[in-house]
Amino acid sequence: EPTQDDPTTFWEHRYAESKQVWSGRVNQVMAEVAGGLTAGRALDLGCGEGGDSLWLAQHGWDVTGVDISTTAIDRARTAAAAAGIAAERLHLVAADLGTWHPETPFDLVSACFLQSPVTLDRSQILRSAAGNIAAGGHLLVVSHAAAPPWASGLSGHEGHGGHEHATFLTPQEEVAALGLPEADWEPVIVETRRRTATGPDGNPAVLDDAVVL
């Protein structure tokens, strides 16, 4: 019997308890980084409700978006249809990234805020995905460098809670955790970037993101 410690159960509950979890807009770093790359085939790991996947598809990429939550994928499909995105441009898959493996190589693999308060072998997922990147392609990892100020006191089922159980890495630690062969990979961006956000209480905040390309 699955419990709340089971990733599929946790994230399905997380999405099902509200009509919309994320803004639906592209992640700022994704737009900045991918906007400077030549469009090709992209894989969006933990795509959620599809904000990044839809943006990539609208900017010339052939995209595969994968998320563990069926509810999230259903919302992404609805958003893609509403945006008029052709089915051949965007392929959305509900699957556990710990066991799902792509069949074709990609020019860009992105993992934006692929962090979870329940068990997630994140580094292994990223290393495995990196093995499916074509020569000259890119791996983009964007993560919370620290918990947002509103995370304190929230559970994993309220607002943006659960961060108190997550692991926050610096960009340099992210690169080390990936463990990619130096002979095959060149760090392009390894830095912390600041952005403004609005908390659940409506107040603005400044957040730090770890960015690795």
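Student: This is a predicted model. What makes β1 and β2 count as a pair in it?

Tutor: Strand β1 (residues 41-45) is joined to β2 by 5 bridges, and the two run parallel. Pairing takes at least two bridges, so β1 and β2 qualify. Asp44 stands opposite Gly65 in β2.

Student: What is the hand of the crossover from β2 to β3, and which helix does the chain pass through?

Tutor: The chain goes from β2 through helix α4 (residues 70-82) to β3, and this β-α-β crossover is right-handed. α4 lies across β2 and β3, at about 165° to β3.

Student: Why are β3 and β6 called edge strands?

Tutor: Look at the order in the open sheet of 7 strands: β3-β2-β1-β4-β5-β7-β6, with mixed pairing. β3 and β6 (190-198) each have a single partner strand, so one side of each lacks a neighbour in the sheet. From one strand to the next, the twist averages 20°.

Student: Which class leads in the lining of the second largest pocket?

Tutor: Nonpolar: the lining has 10 nonpolar, 4 polar and 3 charged residues. The pocket's volume is about 340 Å³. Among the residues closest to its centre are Leu180, Trp185 and Pro187, which count as nonpolar because Leu, Trp and Pro are in that class. β5 gives the most to this lining, with 4 residues.

Terms used. Residues are numbered from 1 along each chain as its sequence is written. This is a predicted model: local features need pLDDT of at least 70, side-chain atom pairs count only at pLDDT 80 or more; totals for chains, interfaces and linings use all residues. Side-chain values use heavy atoms; hydrogens and water are left out. A crossover is right-handed if, with the strands pointing away from the viewer, the path from the first strand over the helix to the second runs clockwise. Axes are lines fitted to C-alpha atoms, for helices over the stretch in contact, and angles run from 0 to 180 degrees between N-to-C directions. Contact means heavy atoms within 4.5 Å. On a 1 Å grid over the protein atoms alone, a cavity is a set of points where a 1.4 Å probe fits but cannot get out, and a pocket is an open set with protein on both sides within 12 Å along at least five of seven lines; lining residues have an atom within 4 Å of a point. Grid points are joined across faces, edges and corners, and a volume is the space filled by probe spheres set on the points.
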